[in-house]
Amino acid sequence: MKQDMVRRLQAEETLRQSEKKFRNLSEEIAEGVTVMIEGRHCWLNKAFAEIFDYEGDEILGKGFDSVADPEALPKLAKRQKDRLEGKPVPDRYEFVARRKNGQQIYVEVAEKEIDFENKPAIQAIVRDITERKQAEAKIRESETRYRNLFEYSLEGIGISREDRIIGANQALL
């Protein structure tokens, strides 16, 4: 009897430690994590709420329409339906999202179908990539500006490397 009690106490302590590790891991990870059942957020970490500017559990019970840009909704709904039906869909994708205040952001998502509380669910790991998208847009803009200056300059411009001309605009030719 005493041995059974000791085993039970050890099992309870092991469970508490396991739960503590899970809580620490899920709450301290930089990426947002959510679990959705039937299109509704049923679990999420602090980072997920922060990405979309929600307070704590305020977003629980809401659908992905609470974070997706309206134009992205049809594609997201189809992807989720197809995933749950076992059809092949990308595990990683990007989409335009909206914060609670309506501010547009870009997110990268990695999804996987899981079993959660004995129900089919989708676990999504979400990363805010807005800064990267803005930097990419600035690079594209800079490249376009450079290309236009190079191609439409009235002065001849040539580019050489190791004593070889590797590029020239029309004015130089």
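Helices, defined as DSSP runs of H or I with at least four residues, are numbered from the N terminus. In this predicted model, helix α4 comprises residues 130-152, and Thr-130 lies within this helix. Thr-130 has a relative accessibility of 11%; because buried means under 20% relative accessible area, this residue counts as buried. When neighbours within four places in sequence are left aside, Thr-130 is in contact with Ile-105 and Tyr-106.

The largest nonpolar core contains 21 residues. Within this core, the residues that touch the most other members are Phe-52, Leu-76, Phe-95, Val-107, Val-109 and Val-126. Two or more residues are given to the core by each of the elements α2 (46-51), β3 (92-98), β4 (104-116) and β5 (119-128). With residues up to four places away in sequence not counted, Leu-76 touches Phe-64, Ala-68, Tyr-93 and Phe-95.

Charged side chains were examined next. Side chains of opposite charge can pair when their charged atoms come close. A search of the whole structure finds 17 salt bridges. One of these joins the side chains of Glu-58 and Lys-100, with a distance of 2.5 Å from N to O. Glu-58 is situated in the loop between α2 and α3 (73-84), whereas Lys-100 is situated in the loop between β3 and β4; the pair therefore ties together parts that are 42 residues apart in sequence. Both partners fall in the partly exposed class, Glu-58 at 32% relative accessibility and Lys-100 with a relative accessible area of 43%.

A further salt bridge is formed by the side chains of Arg-132 and Glu-94, at 2.6 Å from N to O. Since Arg-132 belongs to helix α4 and Glu-94 to strand β3, this pair ties together parts that are 38 residues apart in sequence. Arg-132 has a relative accessible area of 35% and is partly exposed; Glu-94, at 37%, is also partly exposed.

The side chains of Lys-81 and Glu-85 likewise meet in a salt bridge, for which the N to O distance is 3.1 Å. Lys-81 is partly exposed, its relative accessible area being 48%, and Glu-85 is partly exposed with a value of 44%. These two residues also belong to a network of salt bridges that links Lys-78, Lys-81, Asp-82, Glu-85 and Lys-87.

Note on methods: Residues are numbered from 1 along each chain as its sequence is written. This is a predicted model: local features need pLDDT of at least 70, side-chain atom pairs count only at pLDDT 80 or more; totals for chains, interfaces and linings use all residues. Side-chain values use heavy atoms; hydrogens and water are left out. Buried means under 20% relative accessible area, exposed over 50%, partly exposed in between (1.4 Å probe, protein chains only). Contact means heavy atoms within 4.5 Å. A nonpolar core is a set of buried Ala, Val, Leu, Ile, Met, Phe, Trp, Tyr and Cys residues joined through side-chain atoms within 4.5 Å. A salt bridge is a side-chain nitrogen of Lys or Arg within 4 Å of a carboxyl oxygen of Asp or Glu.
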